[in-house]
Amino acid sequence: MDAMRDFGCVHVSPQSVSPNLWLDSIKINGVELFEELGSIEASWQLELDKLGPFIVDIDAEGNNLFETMDENVRLARDKALENMGVPKDFSPTRLY
């Protein structure tokens, strides 16, 4: 998130689209592999055409959509439990 803020870039995730539909829209121009980081951290240079839709999950200010959603869900859950009179120390039974 710091990098997004420092470099003014965003992180996006595909929404409701199978990546297989993009095969004709992606051209690989190069891959930089840093041995110390392993192949999962390789830097790929891609040429893209007509991809989407995407959702911005980390914006250029470093705001993280999923962290915000997690906090909103936690607050809504706490409020719902309070409205139902469930004690704050309530813990659901784990089935696994």
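This briefing describes selected features of one predicted protein model. Residues are numbered from 1 along each chain as its sequence is written, and side-chain values use heavy atoms, with hydrogens and water left out. Because the model is predicted, local features need pLDDT of at least 70 and side-chain atom pairs count only at pLDDT 80 or more, whereas totals for chains, interfaces and linings use all residues. Helices (H or I, at least four residues) and strands (E, at least two) are DSSP runs, numbered from the N terminus.

**The largest pocket**

- The largest pocket holds about 260 Å³ of space. A pocket is an open set of points on a 1 Å grid over the protein atoms alone, with protein on both sides within 12 Å along at least five of seven lines. Its volume is the space filled by probe spheres set on the points, which are joined across faces, edges and corners.
- The lining of the largest pocket consists of H11, V12, P14, W22, I26, L46, L48, L51 and F54; lining residues have an atom within 4 Å of a point.
- Strands β1 and β3 (43–48) each supply at least two residues of this lining, and β1 gives the most, with three residues.

**The aromatic pair**

- A search of the whole structure finds one aromatic pair, formed by W22 and F54, whose ring centres are 5.4 Å apart and whose planes meet at 35°, so the pair is tilted. Rings of Phe, Tyr and Trp (its six-membered ring) pair if their centres lie within 6.5 Å; planes under 30 degrees apart count as stacked, over 60 as edge-to-face and the rest as tilted.
- The pair links distant parts of the chain, 32 residues apart: W22 belongs to the loop between β1 (11–14) and β2, and F54 to strand β4 (residues 54–58).
- W22 is buried, with a relative accessible area of 10%, while F54 is partly exposed at 37%. Buried means under 20% relative accessible area, exposed over 50%, and partly exposed in between (1.4 Å probe, protein chains only).

- S25 lies in the loop between β1 and β2 and is buried at 16% relative accessibility.
- Not counting residues up to four places away in sequence, S25 touches E47, L48, D49, K50 and L51; contact means heavy atoms within 4.5 Å.
- I26 is part of strand β2 (residues 26–32) and is partly exposed, with a relative accessible area of 34%.
- With residues up to four places away in sequence again left out, I26 touches L46, E47, L48 and L51. The C-alpha atoms of I26 and D49 are separated by 6.6 Å, although these residues are 23 apart along the chain.

**Helix α2 and its ends**

- Helix α2 (residues 65–83) has 19 residues and reaches 27 Å from its first C-alpha to its last, close to the 27 Å expected at 1.5 Å a residue. The expected span is 1.5 Å times one less than the number of residues.
- N64 is located in the loop between β4 and α2 and is buried at 14% relative accessibility.
- At the start of α2, a side-chain oxygen of N64 reaches to within 2.9 Å of the backbone nitrogen of F66. The backbone nitrogen of E67 lies 3.1 Å from a polar atom of the N64 side chain.
- Leaving aside neighbours within four places in sequence, N64 is in contact with M1, D57 and I58.
- Just after α2, G85 takes a positive phi of about 80°.

Definitions and conventions. Polar contact = N/O pair within 3.5 Å; in protein donor to acceptor, adjacent residues only side chain to side chain. 1 Å grid on protein atoms, 1.4 Å probe; cavity = no way out; pocket = protein on both sides within 12 Å on 5 of 7 lines; lining within 4 Å.
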